[in-house]
Amino acid sequence: MDRSAPNRAIDPADAAVMQALAAYVAENYASDLRMPDLAAHVHVSVRTLQNLFHSHCGEPPLKALRRFRLHQLHGLVMDRPWTPLRELYRQSGLTGSVADRDFFLEIYGLTIREHQEGSRVKTASPAVPSVLTELPKGELRYMLQLAA
């Protein structure tokens, strides 16, 4: 029997709980979310939330939360590949644990570091603005003569 894809009709009350939970997680994924926090937000017990989540999604709520956070991390790395990983982990609500690394590898087929390095290759190195490099040729010599 496949427990990950049940063939029963979705109760509207259950769907409302799941929708409220999804909205809450989307807004608060970077903060420290625990099962009692999630259950309290949707006004059910922890056990009820676990059962409901498993019957609708096929996995425990905290695993789905980690998957969501890793998806956010994936996007952050693509958008800002030069930002240190520890900062991107913090912004995603992750700790950078071995479990995070292993689950990222399972989902995306490469490590977070490999993803970051690949994203860096796709973008040019960050531009270092410099007045000296932006001056037309010869103007620097003229400015130095004036300063002398």
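This is a predicted model: local features need pLDDT of at least 70, side-chain atom pairs count only at pLDDT 80 or more; totals for chains, interfaces and linings use all residues.

Guide: Residues are numbered from 1 along each chain as its sequence is written, and side-chain values use heavy atoms, with hydrogens and water left out.

Visitor: How many helices and strands are there in the protein chain?

Guide: Helices (H or I, at least four residues) and strands (E, at least two) are DSSP runs, numbered from the N terminus. The protein chain has 9 helices and 0 strands.

Visitor: What percentage of the 148 residues is made up of buried residues?

Guide: Buried means under 20% relative accessible area, exposed over 50%, and partly exposed in between, with a 1.4 Å probe and protein chains only. Of the 148 residues in the protein chain, 26% are buried.

Visitor: Which residues have the most contacts inside the largest nonpolar core?

Guide: In soluble globular proteins, nonpolar side chains tend to be buried together. A nonpolar core is a set of buried Ala, Val, Leu, Ile, Met, Phe, Trp, Tyr and Cys residues joined through side-chain atoms within 4.5 Å. Here the largest one has 15 residues, and Leu21, Val25, Leu38 and Leu49 have the most contacts inside it. At least two residues of this core come from each of helix H1 (12–28), helix H2 (35–41), helix H3 (46–57) and helix H4 (61–79); H1 gives the largest share, 4 residues. Another core, of 11 residues, lies apart from it and includes Leu70, Leu73, Val77 and Tyr89.

Visitor: Against which helices do the buried residues of H4 pack?

Guide: They pack against H1, H2, H3, helix H5 (85–92), H6 and helix H7 (112–122). Among the buried residues of H4 are Arg69, Leu70, Leu73 and His74.

Visitor: Is Asp100 buried or exposed?

Guide: Asp100, which lies in helix H6 (residues 98–108), is buried, with a relative accessible area of 1%. Contact means heavy atoms within 4.5 Å. Leaving aside neighbours within four places in sequence, Asp100 is in contact with Arg66, Leu70, Leu94, Thr95 and Ile112.

Visitor: With which residues is Leu38 in contact, leaving aside its neighbours within four places in sequence?

Guide: On that basis, Leu38 is in contact with Leu21, Tyr24, Val25, Leu33, Leu49 and Leu62.
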